[in-house]
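These are my notes from a first look through the structure. I wrote them in the order in which I looked things up.

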Amino acid sequence: MSYVIAFLTGGLICAAAQLILEYTKLTPAHVLVGLTIAGAVLGGIGWYEPFLKFAGAGALVPVSGFGSSIARGMLSEIKRLGWEGLFTGAFEITGLGLAAAVVFGSLMAVASRPRD
Amino acid sequence: MKPQEYQQLVRENQPPRAVAKNTLMAFLVGGLISLVGQFVLEFVSGVERTTNEAAAVTLAIMILLGSVLTGLGVYDKIAEKGGAGAAVPITGFSNTITAAAMEFRREGFILGMGAKMFVIAGPVLVFGILSGFVVALIKAVVLGYF
Amino acid sequence: MAANLIGRQTIAFNGLPRLVSAYTIVGRLEGQGPYRDFFHEILDDDLVGQKTPEKAERHILEKAVNEALRHKGLAPQDIQFYISGDLLNQVISAVFSARSLGIPFLGIFSACATFAQGLGLGSALLQGGFADRVVVATSSHYQTAERQYRYPVELNIQHRPTNQHTVTGAGACVLSLEGEGPKITHATFGKVVDMGLKDPNDMGSAMAPAVFAALEQHLQDTGRGPDYYDLILTGDLGRQGLKMLRILAERTGLSLDSRLQDGGALIYGGNPKTGAGASGAACSAVMALGFVNAQLQAGKLHKVLLVGSGALLNQLTVQQGDSIPTVAHAVAIEA
């Protein structure tokens with residue numbers, strides 16, 4: 001059941017993004033940034049957490065999940081450290097993924113070439 | 001012919017875009033990637049201590065997946081069909097980093113790959129941090145965390 | 001009024017410079033299209049064993065020129081001027097090819113109209129008695145164009161139906177007032193036209209007005225009707241640009257039936273991977289020097305008007321909100 005919900009939620013978010021791309025002049029970059037900001041705002045307010053509990057990967061995998069992870073990381077670090085947490089928290093949850101992206105990206109750059 | 005007239009003519013004569021098909025494909029591809037993410041999340045949750053850690057590891061694995069598919073030259077083909085379904089998931093984010101790394105490696109590792117790896121993903125990072133900062137700051141002040 | 005100038009923008013070449021030698025090289029995708037038999041060489045590897053696509057592009061441009069010379073037993077010393085251009089910043093492929101060839105270099109740029117511009121300028125140098133032989137050549141490459149104008153090749157992008165695919169290839173020819181070959185009779189140089197269009201995903205629609213203006217001016221200056229020509233071949237408007245051109249023509253009562261074709265729309269044979277068709281500085285070069293040249297020599301075509309079309313934008317202008325300026329140059333060739 002959780003699988004069905006994840007599939008549907010993730011799918012719907014992507015479908016909504018596609019509709020925006022089809023009907024407006026916004027570019028993919030605009031839409032992705034918009035989704036990220038939405039995730040960060042909802043994550044900061046505290047509304048993304050129940051969404052994550054409900055939809056699992058369907059809420060985590062879209063880039064809004066990435067945005068929410070930044071905000072939630074900041075909030076949890078603020079509780080732990082005080083105001084410094086506002087800054088250290090940015091990468092608390094996302095840090096693993098970012099470092100992974102750099103490492104794997106570099107690996108692929110060494111291992112293979114762009115193909116048409 | 002005046003420019004505005006021609007622009008109108010161009011607008012009227014644009015080829016039809018398969019909106020329904022593109023949206024359906026975005027739904028399917030995005031849903032599928034999320035489904036894979038769910039498998040990963042449930043597996044990882046059995047192993048990690050907190051939900052935040054499970055989330056972090058899941059994101060990392062999905063990033064690896066996106067990176068590998070990009071390296072194999074497959075992700076851009078998925079994106080041609082799936083549109084937003086490939087761009088929106090975190091695998092898309094990873095693809096932008098890997099694609100840039102692969103492309104700009106030709107100008108050397110430091111000045112090429114290193115300098116331009118985040119050229120496409122940059123906005124997501126910058127605005128994620130900026131908006132998170134603003135909201136977290138407001139919430140923390142309002143709730144008196146400081 | 002200058003001796004060879006007719007009308008407002010057209011030069012008549014009374015000496016009839018001829019295309020005495022030509023060589024075309026295309027990449028794999030072009031080699032799968034319906035015109036593959038007209039190209040002199042089809043590449044197995046679009047990178048021709050080079051480390052970067054930029055190095056590959058200049059390599060094939062250089063080879064095209066060398067082969068065009070070799071076929072007529074000519075050497076670089078026999079050529080007075082080398083007129084060449086490509087899509088990249090500082091026309092860098094042309095520059096590096098000129099370095100190897102050692103012929104006095106005249107680098108030019110009109111984006112995808114560069115080849116037509118080159119044919120016109122080369123013919124003018126011959127007509128004016130300033131040279132015995134000139135070489136005109138252009139090149140483009142899918143990967144170098146994507147890097148400069150658009151995105152990393154492996155990036156997740158969903159293309160629009162109006163996007164075009166840059167031709168990987170190069171075309172080179174030797175022009176001279178002596179010898180055998182199709183004859184260049186006129187060239188009409190176009191003005192830069194900008195109808196305020198800003199969508200870099202639909203260059204065809206942006207270029208159509210410039211092509212129409214050049215075509216109209218050419219016909220007006222020469223006093224000819226479109227039916228004078230067996231074929232009017234535009235460079236790379238693509239299917240969408242061609243459609244807009246036909247609409248513009250219809251509105252002014254200019255009848256352009258099936259004698260109007262577009263190289264970009266033809267070369268890939270409608271391969272869905274290529275969107276609205278081909279673009280690239282090499283497109284008009286290889287279609288003109290491969291297909292049109294062969295048909296003129298075989299007597300299947302007698303009078304052809306080539307109209308190269310170029311979209312003069314770069315990445316910064318798009319990001320800064322500018323519209324797309326375009327240009328078109330027309331060259332008349334007869335068997």
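This is a predicted model: local features need pLDDT of at least 70, side-chain atom pairs count only at pLDDT 80 or more; totals for chains, interfaces and linings use all residues.

**Entry 1: the two domains of chain C**

The bounds I used divide chain C into domain 1 (5-176) and domain 2 (183-334). I then looked up the contact between the two, and it takes 55 residues from domain 1 of chain C and 58 residues from domain 2 of chain C.

Which elements supply at least two residues of the side of domain 1 of chain C that touches domain 2 of chain C? I noted several, including strand S3 (18-26), helix H3 (114-127), strand S7 (133-140) and strand S9 (169-176) of chain C. H3(C) gives the largest share of that side of domain 1, seven residues. Sorted by class, the side of domain 1 of chain C that touches domain 2 of chain C has 27 nonpolar, 23 polar and five charged residues.

**Entry 2: the cores**

I looked next for the largest nonpolar core, which has 113 residues, and those with the most contacts inside it are C:Val135 and C:Val211. Where does this core lie? It lies between domain 1 (5-176) and domain 2 (183-334) of chain C, because both give residues to it.

**Entry 3: one residue, C:Asp262**

I picked C:Asp262, which lies in strand S12 (residues 260-262) of chain C. Is C:Asp262 buried or exposed? It counts as buried, because it has 29 C-beta neighbours inside 10 Å. Not counting residues up to four places away in sequence, C:Asp262 touches C:Thr234, C:Asp236, C:Leu237, C:Gly238 and C:Leu242. I also checked C:Asp230, which is 32 residues from C:Asp262 in sequence and 14 Å from it in space, C-alpha to C-alpha.

**Entry 4: chain C as a whole**

I counted nine helices and 15 strands in chain C. The radius of gyration of chain C is 18 Å, close to the 20 Å that the globule rule gives for 335 residues, so chain C is as compact as a globular protein of that length. The C-alpha atoms of chain C fill a box of roughly 50 × 50 × 35 Å along the principal axes, and buried residues make up 60% of its 335 residues. Among its contacts between residues at least 6 apart in sequence, 80% join residues at least 24 apart.

How many residues does each chain bring to the contact of chain A with chain B? I found 65 residues from chain A and 62 residues from chain B. H1(A) gives the most to the side of chain A that touches chain B, with 17 residues. By class, I noted 44 nonpolar, 17 polar and four charged residues on that side of chain A.

Methods:
Residues are numbered from 1 along each chain as its sequence is written. Chains are lettered from A and ligands numbered from 1 in the order in which they are written. A nonpolar core is a set of buried Ala, Val, Leu, Ile, Met, Phe, Trp, Tyr and Cys residues joined through C-beta atoms within 7 Å. A residue is buried if 20 or more other C-beta atoms lie within 10 Å of its own, exposed if 12 or fewer, and partly exposed in between; C-beta atoms are placed from the backbone. Domain bounds come from an automatic or database domain assignment. Two residues are in contact if their C-beta atoms, placed from the backbone, lie within 7 Å. Helices (H or I, at least four residues) and strands (E, at least two) are DSSP runs, numbered from the N terminus. Ala, Val, Leu, Ile, Met, Phe, Trp, Tyr, Cys and Pro count as nonpolar, Asp, Glu, Lys and Arg as charged, and the others, Gly among them, as polar. The radius of gyration is taken over C-alpha atoms; the globule rule is 2.2 Å times the number of residues to the power 0.38.
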